[in-house]
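Please look over the sequence and the structure first.

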Amino acid sequence: MATDQAENVVVNAGSKGNYSITLDRLSICYNEPNHAYVQKTCGLLVNDHIQNSSPWLKVTKNPRYEVSCLISVPFKDGPSKHTVCFEAGPRRPGQASYRLDYNPAKICESGFDDLTVFLEGIFDPDVVGFYRAGKVTRCDIALDLFGHQHEDFIVRSSRLQKHGVYSDRHGDVQTTYLGTPKSRRIVAYEKSVPGSLESHLRLECRLKPGFFGFQVAKLENPFSGIGLIPADFSETTGIDIPAQFIADSIRIGGLKRALRALDPARRKTLRQTFKAAESVLPSLDALWASWPETLIGFGLGRHLGAVPVVPFAKAA
């Protein structure tokens, strides 16, 4: 499937109305118990022959790994190129033998096939087993909200207490961060539409779960507790403070800080109005139920636990 076809799969398998969910980044680390196999993989990747015959492959090294590969897929020329990172040969104690990092939403079907062929040719585990038994160290799940703009909403969470807001030089909201980089973080930003001047609001949940690949399909809804409160919710309060001032104060310092400078009467009114304001983001349970179908649409059904893997029967 081409990139636009991949997006159609996501919309069909993981969408409801003006919302869709996709897997936007995946990092998997795999430990190979046989060190000789790891060294063999490294030897294959630094071999002059494979580099000279593979213009889509760039091999270097870094402080963490003996071999760091940037793989441009699909191998043949096409409109939907994406760079995959594969690393092997850990330099530090406790570092995984292999690490794979890429954005599944940007890989077309032929690109995924090429990546699979490449992996099958350089290391010992079968590719499905690599994903299933590997530890997921980064998993970004994107929720696209078509027809919504970031500036129109206050993004809040009932579970993530820390937050930060970045604005452009005009003061318009660009990115909102909820949570911390070390665990679960929600990032809200404007997602541009390729080939268009239009954009929409995207909520991206960035997870560092540390569980096995086969458990990805069983993830609980990562967007639970997230709300989108209309930025103009305070216009009906009659407290004679511009709604934008109120919204910006809540975005930057939270509700309690915004209330601190008000007199008791206006403080009570604003608190009650904010509490009564309904999030435009509905329950996503029905949408999240299609998460396994989304993984299947990327060709990762067996790899990430959405489709059972039946072992081969032994010959009698």
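## A charged pair at 2.7 Å

The side chains of Arg266 and Asp263 form a salt bridge, with an N to O distance of 2.7 Å. A salt bridge here is a side-chain nitrogen of Lys or Arg within 4 Å of a carboxyl oxygen of Asp or Glu. Arg266 is partly exposed, at 29% relative accessible area, and Asp263 is also partly exposed, at 32%.

## Basis of the values

The model is predicted, and local features need pLDDT of at least 70, side-chain atom pairs count only at pLDDT 80 or more, while totals for chains, interfaces and linings use all residues. Residues are numbered from 1 along each chain as its sequence is written, and side-chain values use heavy atoms, with hydrogens and water left out.

## Other salt bridges

Side chains of opposite charge can pair when their charged atoms come close. By the cut-off stated above, the count is 11 salt bridges.

One of them joins Arg251 to Asp248, where the closest N and O atoms are 3.0 Å apart. Both residues belong to helix α6 (residues 243-260) and stand 3 residues apart, about one turn of the helix. Helices (H or I, at least four residues) and strands (E, at least two) are DSSP runs, numbered from the N terminus. Arg251 is buried, with 5% relative accessible area, whereas Asp248 is partly exposed, with 23%.

Asp101 and Arg99 form another salt bridge, with 3.5 Å between the closest N and O atoms. Asp101 counts as buried because its relative accessibility is 13%; Arg99 is buried as well, at 12%. A network of salt bridges links Asp24, Asp144, Arg202, Glu204 and Arg206.

## Backbone details

Most residues other than glycine have a negative phi, and most peptide bonds are trans.

Pro74 sits in the loop between β4 (65-73) and β5 (82-90). Asp240 is located in the loop between β13 (226-230) and α6, and it is exposed, with a relative accessible area of 75%.

Key: Buried means under 20% relative accessible area, exposed over 50%, partly exposed in between (1.4 Å probe, protein chains only).
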